[in-house]
Amino acid sequence: MKHIIFQGGLKLFFWLGKILKKQHLQKFSILLGSLLYYIPWSRKHIAFENLKIAFQGQYSEKELKKILKKFIQEVILTALEVAFIVKKNEKLASWAKAEELEVLDEALKQNKGVIALSGHIGNIPVMLAWLAEKGYPVAVLFKEGKYLPKGFLYNLISSYKIYPIPMHSDREVPKEIIKALNKNMIVFILADQARPGVYAKFFGKYVQCQKGAFVIALRKNSPIIPIFIVREKEEHTIKIYREEKIFQSLEPSQNKSFLSSDEYFVRLIENYNFILESLIRKYPEQYYWFHRRFKKSLD
C-alpha cells in the first residue's frame with residue numbers, strides 16, 4: 001500500500017511541476033503542507049519528537065508545532081521545485097548563489113579530489129545540479145528511496161551529469177568514492193544520518209555518526225570541505241566553508257596512533273556537526289526531521 005501511495009504522490013508532484021508556474025510553487029506548498037500537517041501519520045510524529053529533543057527548553061510546544069508545520073511545507077516546496085526543474089528543463093543559474101566558491105576552486109587545484117561534507121538541509125538537488133551546471137565535477141553518494149521506482153534517483157542524478165555512487169554495500173562504496181577522488185571529483189557525502197561508527201555530540205546528545213568520509217579523506221590526503229544549501233528569501237544560498245573549520249581546535253600531531261584513533265575522528269565529526277547544528281538553529285524548518293537521528297543516542 002505504501003508503495004502505491006508513494007508512487008502515486010510522485011506522479012502527482014511531477015504533474016504539478018509540469019503545470020504550475022514558478023511563482024505558484026510556494027503558495028501551493030503552503031496549501032498542501034498545511035493540509036498534511038493536520039493529518040496524523042507516523043513520520044510527522046517522528047519529526048515532532050526530533051524537534052522536541054533538539055530544541056528542548058528553547059521553544060514551547062506551540063512554537064515547535066509551528067516549526068513542524070513550516071517544515072512540512074518546506075518538504076513539499078523542495079519536491080515541487082525539483083519536479084518543476086526536471087519537467088521544465090530549467091537552467092539553475094538563477095535559482096542559487098554560492099558563498100566562497102573560491103574555496104572549492106582552491107581545493108580542486110590540489111588535484112586530489114574533494115570530500116564535500118553536507119547534510120539533509122535545504123534543497124540538495126538544486127545545490128548538486130547548480131554546481132554541475134557551472135562545470136564542477138560533482139559526484140554524490142546516495143541511497144535509492146525504499147518506495148521509489150527502481151533506479152529512479154540513479155537516472156535522475158545521471159541526467160544532470162552528476163556521477164552517482166549508490167550505497168550498495170559498505171565494501172564497494174569506499175572503492176567508488178576513491179575512484180571519483182582519483183578523477184579529481186567533488187564527492188558529496190551527507191554525513192548526518194545514524195550509521196555504525198562512533199558517537200559524537202549533536203544538539204547536546206551523543207549520536208551515532210559515520211567516520212568513513214573522514215577516513216578516506218585523510219588516507220587520500222583529499223581536502224574536506226563542508227558545503228550546505230539553505231533557502232534565504234526567494235533564493236537558495238550554497239554555503240561553502242574552509243577546511244580549517246573541520247580541523248579547528250586540533251593541534252598538528254605527529255602521533256600516528258592518535259591520527260587514526262576514534263578520539264581524533266570524533267573531534268573532526270563534532271566540528272562538522274557544529275557547523276550543521278548552527279545552520280539548523282538558524283533555519284530549523286529546512287532540516288529533514290523525518291530521519292530517526294536520535295534513536296540510538298546516549299545522554
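**Figure 1. Asn271 is buried, with a relative accessible area of 11%.** Buried means under 20% relative accessible area, exposed over 50%, and partly exposed in between, with a 1.4 Å probe and protein chains only. The model is predicted: local features need pLDDT of at least 70, side-chain atom pairs count only at pLDDT 80 or more, and totals for chains, interfaces and linings use all residues. Residues are numbered from 1 along each chain as its sequence is written, and side-chain values use heavy atoms, without hydrogens or water. Asn271 sits in helix 12. Helices (H or I, at least four residues) and strands (E, at least two) are DSSP runs, numbered from the N terminus. Beyond its neighbours within four places in sequence, Asn271 contacts Lys245, Ile246, Phe247, Gln248 and Ser249. A contact means heavy atoms within 4.5 Å.

**Figure 2. Helix 12 ends at Lys282.** Helix 12 covers residues 262–282, and Lys282 belongs to it. Lys282 counts as exposed because its relative accessibility is 60%. Tyr241 is 41 residues away from Lys282 along the chain, and their C-alpha atoms are 16 Å apart. A salt bridge is a side-chain nitrogen of Lys or Arg within 4 Å of a carboxyl oxygen of Asp or Glu. Arg281 and Glu277 lie four residues apart in the helix, about one turn. Arg281 is partly exposed at 31% relative accessibility. Glu277, at 15%, counts as buried.

Figure 3. Between Glu74 and Arg231, the closest N and O atoms of the salt bridge are 2.8 Å apart. Glu74 lies in helix 4 and Arg231 in strand 8 (residues 224–232), so this pair ties together parts that are 157 residues apart in sequence. Glu74 is buried, with a relative accessible area of 11%. Arg231 also counts as buried, at 11% relative accessibility. The count comes to 12 salt bridges.

**Figure 4. Glu61 pairs with Lys65 in a salt bridge.** The closest N and O atoms are 3.6 Å apart. Both residues lie in helix 4 (residues 61–88); being four residues apart, they are separated by about one helical turn. An α-helix has 3.6 residues a turn, so residues three or four places apart point the same way. Glu61 is partly exposed at 47% relative accessibility. Lys65 is partly exposed at 34%.

**Figure 5. The largest nonpolar core holds 56 residues.** A nonpolar core is a set of buried Ala, Val, Leu, Ile, Met, Phe, Trp, Tyr and Cys residues joined through side-chain atoms within 4.5 Å. Ile115, Leu117, Ile177, Val187, Phe214, Ile280 and Trp289 touch the most other members. Helix 12 supplies the largest share of this core, 10 residues. Not counting residues up to four places away in sequence, Phe214 touches Leu117, Ile224, Ile246, Phe265, Leu268, Ile269 and Tyr272. A second, separate core has 42 residues, including Met127, Tyr136, Ile157 and Ile240.

**Figure 6. Helix 6 is mostly covered.** The helix spans residues 124–133, and eight of its 10 residues are buried. These buried residues are Ile124, Val126, Met127, Leu128, Ala129, Trp130, Leu131 and Ala132. Just after helix 6, Gly135 takes a positive phi of about 100°.

**Figure 7. Leu12, Trp15 and Ile19 make a nonpolar surface patch of about 310 Å².** Patches are made of residues with over 30% relative accessible area and no salt bridge; like charges are joined within 9 Å, and nonpolar side chains (Val, Leu, Ile, Met, Phe, Trp, Tyr) within 5 Å. Areas come from the Shrake-Rupley method with a 1.4 Å probe; for residues, only the protein chains shown count as cover. Trp15 is in helix 1 (residues 2–19).

**Figure 8. The protein chain has 12 helices and nine strands.** Its radius of gyration is 19 Å, close to the 19 Å that the globule rule gives for 299 residues, so the chain is as compact as a globular protein of that length. The radius is taken over C-alpha atoms, and the rule is 2.2 Å times the number of residues to the power 0.38. The C-alpha trace spans about 55 × 45 × 35 Å along its principal axes. Of the 299 residues, 48% are buried. The accessible surface comes to about 16000 Å², with 55% belonging to carbon and sulfur atoms.
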